[in-house]
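Hi,

Here is the structure I promised to pass on. Have a look at it first, and my notes on what turned up follow below.

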Amino acid sequence: MNILVINAGSSSLKYQLLNPETGDLLAKGLCERIGIDGKFTYKPQLAGKETLDAIDVAMPTHSEAIQAVLDALVDAKNGVIGSMKEIDAVGHRVVHGGEKFASSVLITDEVMAAIEECNPLAPLHNPANIIGIKACQALMPGTPMVAVFDTAFHQTMPPKAYMYALPYAYYENDKVRRYGFHGTSHKYVSGRAAAMLGKKPEELKLVSCHLGNGSSIAAVDGGKSVDTSMGFTPLAGLPMGTRAGDLDAGILQYLMNKYGMNIDEMLNILNKKSGVEGLSCVSSDFRDLENAANSGDEKAKLAEEKFAYEVKKYVGAYAAAMGGVDAIIFTAGVGENDKGIRAMVCEGLEYMGVKLDAEANKGRGKELVISAADSKVKVLLIPTNEELMIAQDTAAIVKG
Ligand code: ADP
């Protein structure tokens with residue numbers, strides 16, 4: 001079985017063709033500058049097939065982008081499948097499913113209408129996801145399409161976790177609540193954690209730390225998300241590459257009044273100029289922070305410490321929320337690669353049974369237990385694979 005996974009943005013589109021049963025990747029790539037000058041990248045994973053790297057392909061709309069993907073996949077010379085019939089289904093990443101979607105769904109007209117109703121909750125992302133779905137439907141009539149939502153995994157949170165202490169009417173009338181994001185990643189790594197530990201998901205209390213350019217933490221109790229650090233939008237929770245994370249809302253009023261900023265200018269600062277980049281005055285990239293900190297840059301060191309401190313506080317908070325924790329998972333760009341941040345997070349958690357193995361913690365890029373053999377709480381390094389999760393969900397739905 002082959003599943004085409006599509007992650008459509010407003011001017012870009014990432015794709016992978018993979019086998020959900022074996023996890024084998026046949027090809028991946030991306031279309032960039034859609035609606036501008038069109039750049040197409042295609043990376044077949046089969047021996048003897050040639051990569052195309054950011055070549056010019058006219059892509060006035062997402063339709064031409066998806067057509068370029070399909071043409072490349074079935075190309076006589078460098079393609080990886082014989083015909084489009086070998087694509088059994090398409091899995092689409094959709095950022096926001098609101099309260100309507102607690103799991104992945106087969107896309108029907110009603111589902112499309114319901115996704116469109118979620119557009120106001122993710123105005124920068126959902127409309128682009130919908131354009132990608134429509135373009136695929138037009139080019140691949142008869143191929144089943146499935147929507148996989150970033151928010152769905154967190155729909156199991158109880159009201160005490162997802163409600164804000166605002167006037168209740170803002171929830172009832174305006175759907176203002178915590179939704180959480182990165183759900184596909186948290187679901188994937190928590191499933192892998194259970195497999196690594198030889199346990200059923202129902203038996204485990206996990207803290208899943210997705211630490212990348214955007215970062216979030218989820219408390220996963222018995223296989224279900226019961227709390228997560230991102231909120232109504234992905235701006236909440238941890239400090240991130242350039243996002244501030246949680247802060248006192250009173251700061252907005254103070255700075256806006258003082259500098260005559262409007263709300264868009266303020267949010268631009270909170271989304272794009274804050275986080276570890278804002279704090280360090282160096283970079284949003286943790287590799288740059290580490291280099292700078294090693295050369296004695298105090299602000300870079302502070303940014304690393306602040307980030308690790310906030311992650312640690314969430315680990316403690318979620319252990320309290322779940323009444324214990326069996327394993328802490330590190331995933332995504334920083335979580336998978338940055339041994340220094342992992343060590344800083346775990347340091348001082350010995351009292352709750354966390355004991356990192358310094359040697360094992362040097363590992364990266366593969367599934368590893370990085371805690372000591374006698375650590376009561378296991379610490380796991382698990383590379384995330386959102387595309388595989390999307391493909392597996394899609395396959396499960398298509399097979400019924
Ligand atoms: P995104 O949220 O964009 O999907 P990723 O999960 O790919 O982000 O994470 C990207 C981030 O991972 C980079 O900005 C960088 O900070 C961090 N990163 C990647 N490789 C390393 C590394 N070897 N050491 C430390 N940090 C790394």
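Let me start with helix H14, where Leu 388, Met 389, Ile 390, Ala 391, Asp 393, Thr 394 and Ala 395 are buried. Buried here means under 20% relative accessible area, exposed means over 50%, and partly exposed is in between, using a 1.4 Å probe and protein chains only. Helices (H or I, at least four residues) and strands (E, at least two) are DSSP runs, numbered from the N terminus.

Before you go further: this is a predicted model, in which local features need pLDDT of at least 70 and side-chain atom pairs count only at pLDDT 80 or more, while totals for chains, interfaces and linings use all residues. Residues are numbered from 1 along each chain as its sequence is written, and side-chain values use heavy atoms, with hydrogens and water left out.

Back to H14. Its buried residues pack against strand S1 (3–8), strand S2 (13–18), strand S6 (89–94), strand S8 (145–149) and helix H6; contact means heavy atoms within 4.5 Å. The 14 residues of H14 should span 20 Å at 1.5 Å a residue, and its end C-alpha atoms are 20 Å apart, which agrees.

How do H6 and H14 pack? H6 (residues 183–197) and H14 (residues 386–399) meet at an angle of about 85°, with their axes 9 Å apart. The axes are lines fitted to C-alpha atoms, for helices over the stretch in contact, and angles run from 0 to 180 degrees between N-to-C directions. The two helices are therefore roughly perpendicular to each other, a label that covers 65 to 115 degrees (under 35 is roughly parallel, over 145 roughly antiparallel, the rest oblique). From H6, Thr 184, Ser 185, Lys 187 and Tyr 188 meet Glu 386, Leu 388, Met 389, Ile 390 and Asp 393 of H14.

Now the cores. A nonpolar core is a set of buried Ala, Val, Leu, Ile, Met, Phe, Trp, Tyr and Cys residues joined through side-chain atoms within 4.5 Å. The largest one has 41 residues, and Leu 4, Leu 13, Phe 40, Leu 73 and Ile 115 have the most contacts inside it. Helix H1 (residues 62–74) gives the largest share of this core, seven residues. A second, separate core has 35 residues, including Leu 211, Val 276, Val 311 and Ile 370. In soluble globular proteins, nonpolar side chains tend to be buried together.

Glu 110 lies in helix H2 (residues 109–117) and is exposed, at 61% relative accessible area. Asn 119 sits in the loop between H2 and helix H3 (126–139), yet counts as buried at 18% relative accessibility.

Most residues other than glycine have a negative phi. Arg 33, in the loop between strand S3 (25–32) and strand S4 (39–44), has a positive one, near 55°, and is partly exposed at 38%. Lys 175 also has a positive phi, about 60°; its place is the loop between helix H5 (169–174) and H6.

Cheers

How values were computed: The expected span of a helix is 1.5 Å times one less than its number of residues.
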